[in-house]
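Subject: Model handover

Hi,

Here is the model we talked about, with sequence and coordinates below. My notes follow it.

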Amino acid sequence: MKIDYQEPSKDLLMRIDIHEKYGSANIDVWTNDLLKPQAGMKILDVGCGAGKLSFLFNEYTKGQAQITGGDFSEELLDKARAKNKELGAKIDFQFLDFNEKFKFENNTFDLCTSAFAIYYASDLKFTFGEAHRVLKSGGRLFVSGPLPENKQMFYDIIKEATNATIPPMPGSSRFKGDIFNTIDSIFAKTELHKFENHLTFPAVAPFIDYVRASLSEDRRLWTSMFNGKDEYEALIKKIESVAQNWLERDGKLVMTKVVGGILATK
Ligand SMILES: C[S@@+](CC[C@H](N)C(=O)[O-])C[C@H]1O[C@@H](n2cnc3c(N)ncnc32)[C@H](O)[C@@H]1O
């Protein structure tokens, strides 16, 4: 399956900001508690985007781990490099397309991570095979992504606004099935962990900001629902009106993010 997925950096950064402002739990704390990256480790962050996870590990290890962040978006890599410079950090941000052979020797890394990214791979067996190849024996792979019950309220509001059937999303629909099973077939040991985050919006406006910033992430949903800017704006108006009704009925809008973390050992 070929999934052409480009994430405009402003959408990604907007969603990260909304999670920080309106979320009840911190995914960074969950990730660090689960992985406990150590000084001296060699870490590869695949689909690193603007470097969220790479910077998290760098901070946690007080700059003592050797971290490489790889992504195929030069725009996001530039953002990551600028922050790297600003912080005086030594993370190596470089071009990496996870649909191609990784440019690293066998048995190089202690930890390979990928947050909300690698599950878009065209050939899961190939890509997770590459992650396995570049990990040392006993090294760990960590892949996070949405579970099928993720942000149900978001889809329910869109469904009510449009009367349309919501198509399955490539990330969440594959995560627990194909993705878990592929990793499990390649690695010695595989576990599934779960993280829940309730985003409480006190008004419709920040929820609509989230809806707009999800355009690229949930592309399959949107392309099935509108053609061109006018239709898109009309759709947003309908979503806004349903969200307003929900807000008046419930006093707030609560969207629960349900994230899976697959942790596997080579
Ligand atoms: C939702 S973002 C997540 C970014 C980052 N891991 C984070 O947690 O903020 C998905 C990332 O996957 C990257 N991506 C998508 N397809 C890719 C590919 N074939 N090779 C490398 N990166 C890819 C995108 O450029 C984007 O940075």
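Before the helix pairs, one convention: axes are lines fitted to C-alpha atoms, for helices over the stretch in contact, and angles run from 0 to 180 degrees between N-to-C directions. Please keep in mind that this is a predicted model.

Overall picture

The protein has 10 helices and 7 strands. Its C-alpha trace spans about 55 × 40 × 30 Å along the principal axes.

H6 and H10

Helix H6 covers residues 152–162, and helix H10 covers residues 228–250. Their axes come within 9 Å and cross at roughly 115 degrees. Angles of 65 to 115 degrees count as roughly perpendicular, so H6 and H10 are roughly perpendicular to each other. The crossing of H6 past H10 is right-handed. On the H6 side, Ile157, Ile158, Glu160, Ala161 and Thr162 make the contact. H10 contributes Leu235, Lys238, Ile239, Val242, Ala243 and Trp246. By class, this contact of H6 with H10 has 8 nonpolar, 1 polar and 2 charged residues.

H8 and H10

H10 also packs with H8, at an angle of about 140 degrees and with the axes 10 Å apart. That makes H8 oblique to H10. H8 passes H10 in a right-handed crossing. From H8 come Val204, Phe207, Ile208, Val211 and Arg212. They meet Ile236, Ile239, Glu240, Ala243, Gln244 and Leu247 of H10. This contact of H8 with H10 divides into 8 nonpolar, 1 polar and 2 charged residues. Note Ile239 and Ala243 of H10: they are listed in the contact with H6 and also in the contact with H8.

H1 and H8

H8 (residues 204–213) has a contact with H1 (residues 9–22) as well. The two axes come within 9 Å and cross at roughly 145 degrees. This crossing of H1 and H8 is left-handed. Asp11, Met14, Arg15, Ile18 and Tyr22 of H1 take part, with Pro206, Asp209, Tyr210 and Ala213 of H8. The contact of H1 with H8 holds 6 nonpolar and 3 charged residues, with no polar ones.

The ligand

Which residues are closest to the ligand? They are Gly47, Gly49, Ser73, Ala115 and Ala117. In total, 20 residues surround the ligand. This shell divides into 12 nonpolar, 4 polar and 4 charged residues.

When you open the model, I would begin with H10, given its contacts with H6 and H8. Then go on to the ligand shell.

Best wishes

Note on methods
Residues are numbered from 1 along each chain as its sequence is written. This is a predicted model: local features need pLDDT of at least 70, side-chain atom pairs count only at pLDDT 80 or more; totals for chains, interfaces and linings use all residues. A residue is near a molecule or strand if its C-beta atom, placed from the backbone, lies within 6 Å of it. Ala, Val, Leu, Ile, Met, Phe, Trp, Tyr, Cys and Pro count as nonpolar, Asp, Glu, Lys and Arg as charged, and the others, Gly among them, as polar. Helices (H or I, at least four residues) and strands (E, at least two) are DSSP runs, numbered from the N terminus. Angles under 35 degrees count as roughly parallel, over 145 as roughly antiparallel, 65 to 115 as roughly perpendicular and the rest as oblique. A crossing is left-handed if the near helix is turned anticlockwise from the far one by less than a right angle, and right-handed if clockwise. Two residues are in contact if their C-beta atoms, placed from the backbone, lie within 7 Å.
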